[in-house]
Amino acid sequence: MFIDLHMHEMRYSGDSFLPLEEIVEIAKEKGLDGICITDHDSMGLREFAASYSKKVNFPIFVGIEFFSLQGDIIAFGIDSYPDHRISAQEFIDFVKAQGGVCYSAHPFRNNRRGLEEHLNEVRGLDGIEVLNGSTLKAACQKAAEYARALDLVPVGASDCHVPEKVGVYATYFPEEVHTVEELVAAFTKKNLKPAYYKDGKYHVLDVDKFLKDI
Ligand SMILES: [Zn+2]
């Protein structure tokens, strides 16, 4: 399965131009098997997403992109979230205490919202976003190096805010995922892979080649 793990919907992400209905339409067209709405510091879409997911029979998982004091972290499998900024380590511990998973979003993107070198200090992250739809290739390659060095799950996601970006990157899940619980469990098995959309379909990224290709 190919799932886009990091997407912004306009009702709760003020910087997004995308209604959920349009995201699902494009996702289906491209051949995604599921999507994740990860709004900025909000999981407000949960109820609507759950009912819309049923209505259109398409998996929609709601996580969060939390802006910790050291940078953005994507989390899944949590029921609540802090109402103010806390440190990356505190947020990771918070997610783990609820049995969730979390990963570093665009760690080296040039918007000063990635964890950057804090990746070396924090403990408990599950993954690193290697492919991000708004991040330059060199920064994605650096993320891939860190994922490898730190033995964290490398994932891909569009981080879309506009229609053209929906599903440009995704994550390959070797097993079927139909619930957030299964999504969380899949992370802990460490067999996910970043993927990209090209020529009408998804391809798993060859990380070795990607690292050598300067
Ligand atoms: Zn984002």
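Predicted model: local features only at pLDDT ≥ 70, side-chain atom pairs only at ≥ 80, totals over all residues.

Student: In what order do the strands of the open sheet run?

Tutor: The open sheet has 10 strands in the order 7-6-5-4-3-2-1-8-9-10, and the pairing is mixed. Strand 7 and strand 10 (201-204) are the edge strands, each pairing on one side only. From one strand to the next, the twist averages 35°.

Student: Is strand 7 mostly covered or mostly uncovered?

Tutor: Strand 7, residues 153-157, is mostly covered, with five of its five residues buried.

Student: Which residues are on each side?

Tutor: Val153, Val155 and Ala157 are on one side of strand 7, and Pro154 and Gly156 are on the other. Both faces are covered. In general, side chains in a regular strand alternate between the two faces of the sheet.

Student: In which sense do strand 6 and strand 7 pair?

Tutor: Strand 6 (residues 127-132) pairs with strand 7 in the parallel sense, over five bridges. Leu131 has Gly156 of strand 7 as its bridge partner, while Glu129 stands opposite Val155.

Student: A change of topic: which strands does helix 1 lie across?

Tutor: Helix 1 (residues 20-30) lies across strand 1 (2-7), strand 2 (34-40) and strand 9 (193-198). Helix 1 runs at about 145° to strand 2.

Conventions. Residues numbered from 1 in each chain as written. Buried ≥ 20, exposed ≤ 12 C-beta atoms within 10 Å, placed from the backbone. Helix = DSSP H or I, 4+ residues; strand = E, 2+ residues; numbered from the N terminus. Pairing = 2+ DSSP bridges. Axes fitted to C-alpha atoms, helices over the stretch in contact; angles between N-to-C directions. Contact = placed C-beta atoms within 7 Å.
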